[in-house]
Amino acid sequence: MKISAKNQYLWIGALFIAFAAVPVFIHNNYYITILNQMVINMIVVFGLNFITGLTGQMNLGTAGIYAIGAYTSALLSRNLGISPWLTMMAAIFAGFLLGRGLGYPSLKMKGVYLSLTTLAFSEIVRIFATNLIDITGGTQGLNNIPRFGIGPFMLDSNVKYFYFILLIAVIMCVLSIRIVHSKWGREFRAVKDNPDAIESLGLDIKKIKIRAFTLAAMYGAFGGALYAHFNGYITSLSFTTDLSINYVIILMVGGIGNILGNMIGSIVVTLLPELLRFLGDYYQITYCTLVLISALFLPNGLVSLYGKITGLMKSKSTSEGGES
Amino acid sequence: MEHTEVVLEVRNLVKRFEGLVAVDQLNFKVRKGRIHALIGPNGAGKTTTVNMITGDNPQTEGDVLFYGKSISKLPVYARANLGIGRTFQNIKLFSTMTVLENLLIGGQSKTTKSLLKYLANPRIAQKEEQQLKEKAEGILNFIGMYQYKDELVSNLAYGRQKMTELGRTLMGDPRLILLDEPAAGLNPSERKEFIDIIQKVFDQGVDMFLIEHNMDVVMNLSHDITVLNFGCKIAEGAPKEILENEEVISAYLGEGYRKQMKKEAEQNA
C-alpha cells in the first residue's frame, strides 16, 4: 500500500497549516528558533531529495553547499551593504554555479566514489572557512548579519521570520512537486532505477545527474542563506560533516524520494535532540539507536508507516465486514 | 538487392579485453529493407559486437558507420539520437515504474522544453507531455500492450516485459533496431507473437539487426546472416546458403541440425 499522490498533497498542506498555527500556541523564543531551523532543514532536504532521494546518488556535501550559501549572502550583505534580497539571490546563483562546476567532475564517478568526492568538497569548504580568517572570521565567525524586511515590514522577530521562511518553504515545496511530476522527475527516478538503460534511449545520464545535483545545490545554498540571516551569526564550526550526515539522516528517516517524507524527517530529526535532552549523557547513543531502528525496520522511512497503518485498517475492516 | 543503401557498416572491428581478442577484424553491412542476423556459438563475440555498435563498450580498433557517417567516437546517447535503438539480452526496464512511464522515458529525448520554461509556464510542458502520452498509447496499441499500460513493469510476465522494452525503443523513432536475443526466455506462443510484432515493425520501414540462438526465429525473419566463431566471421549470406555451409555446421549448427533440415525438406517435397 503506497500513499496516493492526492492524499500526500493533502497531508503536505495540512502539515504546513499546522506549522503556521504553532506560534499561536507557543511563545517561547527558544522553541520558535527550533521551528525556524526545522523549516530551513526542510528546504535543504527538498533539494537533497532530488539528487540522493530520486536520482539515487549519495551526496555527503550538503554542509559545504549550505556553508557557501550562508557565507555568500552574509558577506555580501554585511560587508558591502547590499540588500539581503539580492544577496540571497546571489547565494542561489552560487549554488547553481557550484552544482554545475562540482557536478561535472564528481558525477562521472559512481557510488562510493561520488560520496567521497562530495564529502571531500564539504571538508575543503570548511577548512577554507576556518582559515580565511580575514574574510570569514574563521571559528570566531561573522556577526551582525542583517535581518531584512518586506517593504516597511521588518522581519525583526523570530516569529515574523518564521512566517517568512514558511512561505518560502511552501514555494520550494510546490516547485519540488512540479519537478518531481515532470519529465525531469521521471528521468531522475529512471537513473536510480536502471542507469544502464538511460543512454540507449538517447538521454545523457551525466546531464540528468548534473541537473539533479544543481537543484540540490540551489536549494541547499538558499537554505544556508536563510540560516545566516536568521541566526545573524555564522561560524565555520557549524558546517561540519556531521551536518551533511544529518541531512542524509533526515532524508532516510522521513522517506527517501518522498516530499511528505522530507517534511516528516525534518520535523522528527530536528525535534529529537530536544525531546531526548532529559537523557543527558545518554542522548547521543539513544539518538543513534533510534536512527538505526528506523533504518532497519522502516527502510522507506516514516511515510511508509502511513501505508502500513491504512493497509492494516483496511484488512481489519474487510475481515470484520465480511465479504465487502 | 545487393545495391540497396547501406544502413550500418562495420569496418575491421577489433575488440580486445586485456590479452583476449573477443572480436577480430569483423566486416559486414546491414542494408536497407533487410533483416540482418548475427549468429554463432556462445562466446563468439555477438553481444560484444552489438555493444561496439551502440557504444556501450567501444571498439579497440576499426570503425562503425551509420548511413555512411562514422559514429564510432560518439557517446551512447548520441548514437541513439541518430536513430539506433536497441533491446537488451537481459531486459533493462525501469522496474519501479508503469509500462506507460517506461515508454514515456523512451520518447523523452525528442522533447525540447527546458526545465525553466516548464516552471514558468507548466502549460507548454503539459501539452508536450500529452503528445508524448498519445504517442506512447499509439505504440502500446500497435504492440498489443494497451491493457497493461498502468501495470507496474515488475508485475508483468517475462514476455510482456520484453514487449515493453521493444515499445520503449520504438518511442525513440529508431531507424535501425538492434535486438539482442529477442526470443530468449519466451515460450513458443510468446515467441510467435514477438516475431509477428518484429515483422510488423519492419514492415513500417525500420531496419533490424538481431542476435539470436533460436534457428527457427533466424530462418523465419532474416534476409542476411553473418556467422561468428571465436570472434571471426566464418560465413555470410542468405539463410539457405548458411544452412549448407560446412564450416557453419561444424562450428555451430551441428550434424544433427543438417539431418533434421534434410528430413523436413524431404517431407515438404
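This briefing describes the fold of two protein chains and the contact between them. The model is a predicted one. Chain A has 14 helices and 2 strands. In chain B, 6 strands form one open sheet, and 4 strands form another open sheet.

**Chain A as a whole**

- Chain A contains 14 helices together with 2 strands. Its radius of gyration is 20 Å, close to the 20 Å that the globule rule gives for 324 residues, so chain A is as compact as a globular protein of that length.
- Of the 324 residues in chain A, 45% are buried.
- Among contacts in chain A between residues at least 6 apart in sequence, 78% link residues that are at least 24 apart.

**Helix α11 of chain A**

- The buried residues of α11(A) are A:S244, A:Y247, A:I249, A:I250, A:L251, A:M252, A:V253 and A:G254.
- An α-helix has 3.6 residues a turn, so residues three or four places apart point the same way.
- After α11(A) comes A:G255, which has a positive phi near 140 degrees.

**The antiparallel sheet of chain B**

- This open sheet has 4 strands in the order β2-β1-β4-β5 (chain B), with antiparallel pairing. Its edge strands are β2 and β5 (69-70) of chain B, each of which pairs on one side only.
- Strand β1 (residues 6-17) of chain B pairs with strand β2 (residues 20-31) of chain B in the antiparallel sense, through 8 bridges. Within this pair, B:R16 has B:V21 in β2(B) as its bridge partner.
- The hairpin of β1(B) and β2(B) has 2 residues between the strands, and B:E18 in this hairpin takes a positive phi near 50 degrees.
- β1(B) is also joined by 5 bridges to strand β4 (residues 61-66) of chain B, and the two run antiparallel. Here B:V10 stands opposite B:V64 in β4(B).
- β4(B) and β5(B) are paired in the antiparallel sense over 2 bridges. B:L65 has B:S70 in β5(B) as its bridge partner.

- The edge strands, β6 (84-87) and β10 (232-237) of chain B, each pair on one side only.
- On average, neighbouring strands of this sheet are turned by 15 degrees against each other, direction ignored.
- Strand β7 (residues 176-180) of chain B and strand β8 (residues 207-211) of chain B run parallel and are joined by 5 bridges. The bridge partner of B:D180 in β8(B) is B:I211.
- Helix α1 (residues 46-54) of chain B lies across β3 (35-39), β6, β7, β8 and β9 (224-229) of chain B, and runs at about 150 degrees to β7(B).
- Helix α10 (residues 246-253) of chain B lies across β3, β9 and β10 of chain B, at about 120 degrees to β10(B).

**Positive phi values in chain B**

- Most residues other than glycine have a negative phi.
- B:N12 has a phi near 45 degrees, a positive value in a residue other than glycine. B:N12 belongs to strand β1 of chain B, and it counts as exposed because it has 12 C-beta neighbours inside 10 Å.
- B:D173 also has a positive phi, near 45 degrees, and is a residue other than glycine. B:D173 is placed in the loop between α6 (158-170) and β7 of chain B. With 16 other C-beta atoms within 10 Å, B:D173 is partly exposed.

**The contact between the chains**

- Chain B gives 27 residues to the contact, and chain A gives 19 residues.
- On the side of chain B that touches chain A, at least two residues come from each of α2 (76-82), α3 (99-107), α4 (115-120) and α5 (122-142) of chain B.
- By class, this side of chain B comprises 13 nonpolar, 9 polar and 5 charged residues.

Definitions and conventions. Residues are numbered from 1 along each chain as its sequence is written. Chains are lettered from A and ligands numbered from 1 in the order in which they are written. This is a predicted model: local features need pLDDT of at least 70, side-chain atom pairs count only at pLDDT 80 or more; totals for chains, interfaces and linings use all residues. Two residues are in contact if their C-beta atoms, placed from the backbone, lie within 7 Å. Ala, Val, Leu, Ile, Met, Phe, Trp, Tyr, Cys and Pro count as nonpolar, Asp, Glu, Lys and Arg as charged, and the others, Gly among them, as polar. The radius of gyration is taken over C-alpha atoms; the globule rule is 2.2 Å times the number of residues to the power 0.38. A residue is buried if 20 or more other C-beta atoms lie within 10 Å of its own, exposed if 12 or fewer, and partly exposed in between; C-beta atoms are placed from the backbone. Two strands pair if DSSP finds at least two bridges between them. Axes are lines fitted to C-alpha atoms, for helices over the stretch in contact, and angles run from 0 to 180 degrees between N-to-C directions.
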